[in-house]
Amino acid sequence: MSSTVGVFAFIFTLVVVIVVHEFGHYVAAKKSGMKVEEFFFGFGPRLFSWFKGETEYGIKAFPLGGYVKIAGMNPFQPVSAEDVPRTFGARPSWQRAIVLLAGSTTHFILAFLILLVLLGIVGIPTKVLPVVDSVKVEVNGEASPAQQAGLRPGDEIVAINDERVLDWDGLKSKIRSHPNEEILLSIVRGDQRLRIPVTTVVAEAQLEADPSKSEKVAQIGFIPRVANERLGPGKAVVESAKTTGELIWGSIGGVRSIFSFDVFKKVFNGLMNRGTRSAEDSPIGIYGAGRAAGQVAAAGGYSDLISFLVFFIVFLGVINLVPLPPLDGGHLLVLAIEKVIGRKIDLKKLVPVATLVLGFFMFLFVALLYLDIARPIANPFQ
């Protein structure tokens, strides 16, 4: 899979998850009887819009997500007397909480559904077969011995030097025991059984236990076929729910680290130094995440890319629940405080706090954007 596919999949996921997030707020607000004034796809100048009932729907110039406008959520927005009972602030606390939680909830539901399709319908690669999937591989800068010998996709290697091959590990072991030697492959190609001589070469190969390291081994240079395993409906549901829960818990730890002094230190050190960074040196921003998606796609298969995107979806959902205004989590914190003190809080007084939080995220966004472009993270998937 090319890195370009990974980058476009990341961009598409980002746009979709923003739209779905806002759609969650939209549906919850409508069901709660709040007045939803606008629901738009994109940002910037209006391209076109239409009214359906009291809500204006439309598309704007830059297709980078979407937004929903609920009456009364902006404390500086004037509201007519007849609309006051249907504003966000006029509804019961439990309804407001549902509306606020609906956005991030869509992230977790979307992640669960994607995993369900992956595990139960598409399947995940679980077993490497002694079957050729591709010979378009370079070894030591040249066409692979397998390609030069005439192996083709679909060829099943059943023996080496007349010694039977039972699985991928056995095939790999036999090839590696003959460095720089000619070996005789017995293969099944359709209805034919062929014997093809090929000379192994010694080249760098990744260690399975630690893909970041490599060793020199004998190889003939082809990509093996991988069998997919599909889980039954019940097991797929359980595993999808379990994995989504684990991703949520893992994301909580990741979000917590964003607000730690260690992150400031890593970002500052990154800005002061030169050259490439490692994944341990500094977090990555949105540009770096898109680049990482491309690297995942180039190094692995569709399942690795989907897993990466699912984590990204969950992470965005969790970060939006951080109890700081103007995030949804900040509004939820306000509801909790109002319950404790028994009166409503003037949201206008929270504007300085919201501005400070936005300033923090803007600094982090700009700093990481610069680092991701000027000092990109070294590819951890090579």
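In this predicted model, the axes of helix α2 (residues 93-122) and helix α9 (residues 328-341) come within 9 Å and cross at roughly 165 degrees. Angles over 145 degrees count as roughly antiparallel, so α2 is roughly antiparallel to α9. Helix α2 also packs with α5, and α5 in turn packs with α8. The points below go through these helix pairs, then the strands, and then some backbone details.

**Helix α2 with helix α9**

- The crossing in which α2 passes α9 is left-handed.
- On the α2 side, the residues that meet α9 are Ser 93, Arg 96, Ala 97, Leu 100 and Leu 101.
- Their counterparts in α9 are Asp 328, His 331, Leu 332, Leu 335, Glu 338 and Lys 339.
- Sorted by class, this contact of α2 with α9 has five nonpolar, two polar and four charged residues.

**Helix α2 with helix α5**

- Helix α5 covers residues 233-258, and α2 packs with α5 at an angle of about 135 degrees, the axes being 9 Å apart.
- The two helices, α2 and α5, are therefore oblique to each other.
- Here α2 passes its partner α5 in a right-handed crossing.
- From α2, the contact is made by Phe 108, Ala 111, Phe 112, Leu 115, Leu 116, Leu 119 and Gly 120.
- From α5, the contact takes in Ala 236, Val 237, Glu 239, Ser 240, Ala 241, Thr 243, Thr 244 and Ile 248.
- The class make-up of the contact of α2 with α5 is ten nonpolar, four polar and one charged residues.

**Helix α5 with helix α8**

- Helix α8 spans 302-319, and α5 and α8 pack at an angle of about 60 degrees with their axes 9 Å apart.
- That angle makes α5 and α8 oblique to each other.
- As with the α2 and α5 pair, the crossing of α5 past α8 is right-handed.
- Leu 247, Ile 248, Ser 251, Ile 252, Gly 254, Val 255 and Ile 258 are the α5 residues that make the contact.
- On the α8 side are Val 310, Phe 311, Val 314, Phe 315, Val 318 and Ile 319.
- This contact of α5 with α8 has eleven nonpolar, two polar and no charged residues.

- Strand β6 (residues 156-160) runs antiparallel to strand β8 (residues 182-189), and four bridges join them.
- Within that pairing, Ala 159 has Ser 186 of β8 as its bridge partner, while Glu 156 stands opposite Val 188 in β8.
- Strand β6 is also joined by two bridges to strand β7 (residues 163-164), again in an antiparallel arrangement.
- Ala 159 turns up here too, with Arg 164 as its bridge partner in β7.
- The hairpin of β6 and β7 has two residues between the strands, and Asn 161 takes a positive phi near 50 degrees.
- Is β6 enclosed or open? Four of its five residues are buried, so β6 is largely enclosed by the rest of the structure.
- Strand β8 pairs with strand β9 (residues 192-199) over eight bridges in the antiparallel sense.
- In this pairing, Ile 187 has Leu 194 of β9 as its bridge partner.
- β8 and β9 form a hairpin with two residues between them, and Gly 190 in the turn has a positive phi of about 65 degrees.

**Backbone details in the loops**

- A cis peptide bond links Pro 325 to Pro 326, with omega near 10 degrees.
- Pro 326 belongs to the loop between α8 and α9.
- Asn 140 is not a glycine, yet it has a positive phi of about 55 degrees.
- The loop that holds Asn 140 lies between β4 (138-139) and β5 (142-143).
- With a relative accessibility of 55%, Asn 140 counts as exposed.
- Asn 180 likewise has a positive phi of about 55 degrees without being a glycine.
- Asn 180 sits in the loop between α4 (168-176) and β8.
- The relative accessible area of Asn 180 is 53%, and this residue is exposed.

Notes:
Residues are numbered from 1 along each chain as its sequence is written. This is a predicted model: local features need pLDDT of at least 70, side-chain atom pairs count only at pLDDT 80 or more; totals for chains, interfaces and linings use all residues. Side-chain values use heavy atoms; hydrogens and water are left out. Axes are lines fitted to C-alpha atoms, for helices over the stretch in contact, and angles run from 0 to 180 degrees between N-to-C directions. Angles under 35 degrees count as roughly parallel, over 145 as roughly antiparallel, 65 to 115 as roughly perpendicular and the rest as oblique. A crossing is left-handed if the near helix is turned anticlockwise from the far one by less than a right angle, and right-handed if clockwise. Contact means heavy atoms within 4.5 Å. Ala, Val, Leu, Ile, Met, Phe, Trp, Tyr, Cys and Pro count as nonpolar, Asp, Glu, Lys and Arg as charged, and the others, Gly among them, as polar. Two strands pair if DSSP finds at least two bridges between them. Buried means under 20% relative accessible area, exposed over 50%, partly exposed in between (1.4 Å probe, protein chains only).
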